[in-house]
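These are my notebook entries on one chain. I record here what I looked up and what I found.

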Amino acid sequence: MIAATAMCAAAATEAAAQTPPGSIVLNNQLQLGDVVAGETLDVVDVEEQVTVTNAAQGNSLSGSVQNDSLTLDSTQTMRGDARATTTLTLGGDTEGVVNATTQARGNYLAAGAYGADVTLDATQEVDDVEISAASTVTGQSARLLGGAYVQSAAIANTVAVGGEGATVQGTIDQSSAATVRASNFLGSQYIPAEADFSSQAIANAVAVNSDQASNQNLSVRQRSRGVMVEAATSANAANAWDLAGRANAAANQAVFANQGGALITATDQANTSRVRAATVVTAYDFGAATAQARGVGNEVSAGNRDVYLEIDNLQLNNGQIDASATFSGGAGYDAYVGADAVGNSITGYACSECQGYVDARNSQTNTANVTATTAVTTQGASRAVIAGANAVGNAATFYVSRPAD
């Protein structure tokens, strides 16, 4: 009996030794020089679409795991500028839709998990450099008959994780001393279709989205200490049927979404950067015109479409926050203008149909000025003008609600 037991134990040990421990990725990336991307178009009377993508990126890591486990240990350091510029000069009639995306990133990490376990130990750092994305669409005779969707985004550090039936756990540490700027400009004559121009600037961004029997247990630390995080949009047309300009700027942003298991997060955010979001929209004749600006120092959103949500949140904002939205027009129909500025913000929610439970510990401190302003000027008759400005030092919202169908 003893011999048989010993033989079984030996066989089990050998089998365990032959079983692979799962995938392991050890990543170390250092970018010392500048990364610059530029694109210029000067065209007249394009009969179909105009589509442009332009990106400048320092360090990038992406991958996924299915029906296995992944241990990811990553360090990414950016010590040069990342700049992306797009200039479109469109003369005459552009009959198709104008689609343009301009992106500048310092460090980027993306991971996917499908029926799998992911353990993260991710560190991202951007030095005192410039991360900037700029887009310009212009032309004295520009007639954008098919409308336009133009985006400009500058983000110093990004971690994005998605999964189904996944367990996501570990730590994420992001630090940015960069000046981060995104700008978007439109100058046109006539746009008889929907046109949306947006800019987004973020120093540190984390997004984790998992569903179908997933769970999360993550610790996130974010620091922004650059001079400025700025998003600016200026959208202008002589005659626009449905024109929108949007600007969104954030120093630190962490978004968590889960379904099918527990969501546990510990977030630690601190900002000393000035954050500015500014939007200007002008149209002499207009159908619908929208100007929106949002600036935030530290922001956390954690939502679990299941039973249990646990949040341990610490936020400190010492950077000035400004958001301004302006519309100027002649005669038209509806104008919507809004500006939101927040020092610290957290939102947490769980599912009521699942008898959800929220366990939250929250500490927020804001020492800086927070300003939101709107301005609307019309020189002719209009149907409706709706404007709002909201400035908040610290905002915390926790609730249990029915999930959307």
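The model is predicted, and local features need pLDDT of at least 70, side-chain atom pairs count only at pLDDT 80 or more, and totals for chains, interfaces and linings use all residues. Residues are numbered from 1 along each chain as its sequence is written, and side-chain values use heavy atoms, with hydrogens and water left out.

**Entry 1**

I looked up Ala213, which lies in the loop between β13 and β14. Strands here are DSSP runs of E, at least two residues long, numbered from the N terminus. At 56% relative accessibility, Ala213 is exposed. Its phi is positive, about 65 degrees, although Ala213 is not a glycine. Gln212 sits in the loop between β13 and β14 (215–224) as well, and its phi is also positive, near 55 degrees. I noted for reference that most residues other than glycine have a negative phi.

A polar atom of its side chain lies 3.1 Å from the backbone oxygen of Tyr108. I took a polar contact as a pair of N or O atoms within 3.5 Å; within protein, one must be able to donate a hydrogen and the other to accept it, and residues adjacent in sequence count only if both atoms are side-chain atoms. Contact in general means heavy atoms within 4.5 Å. Setting aside residues up to four places away in sequence, Gln76 touches, among others, Asn27, Asn59, Asn107, Tyr108 and Thr123. From Gln76 to Ala122 the C-alpha separation is 8.2 Å, across 46 residues of sequence.

Asn59, in strand β3 (residues 50–66), is buried at 5% relative accessible area. Its side chain makes a polar contact of 2.8 Å with the side chain of Asn107, and one of its side-chain polar atoms lies 2.8 Å from the backbone oxygen of Thr77.

**Entry 1: aromatic pairs**

How many aromatic pairs are there? I counted rings of Phe, Tyr and Trp (its six-membered ring) as paired if their centres lie within 6.5 Å, with planes under 30 degrees apart as stacked, over 60 as edge-to-face and the rest as tilted. The count comes to four. One of them is the stacked pair of Tyr308 and Tyr357, at 6.0 Å centre to centre and 10 degrees between the planes. This pair links distant parts of the chain, with Tyr308 in strand β18 (residues 308–317) and Tyr357 in strand β20 (residues 357–366), 49 residues apart. Tyr308 is partly exposed at 24%, and Tyr357 is partly exposed at 48%.

Tyr349 and Tyr399 are likewise stacked, at 5.4 Å centre to centre and 15 degrees between the planes. They too link distant parts of the chain: Tyr349 is in strand β19 (residues 321–351) and Tyr399 in strand β22 (residues 384–401), 50 residues apart. Tyr349 is partly exposed at 27% relative accessibility, as is Tyr399 at 35%.

Methods:
Helices (H or I, at least four residues) and strands (E, at least two) are DSSP runs, numbered from the N terminus. Buried means under 20% relative accessible area, exposed over 50%, partly exposed in between (1.4 Å probe, protein chains only).
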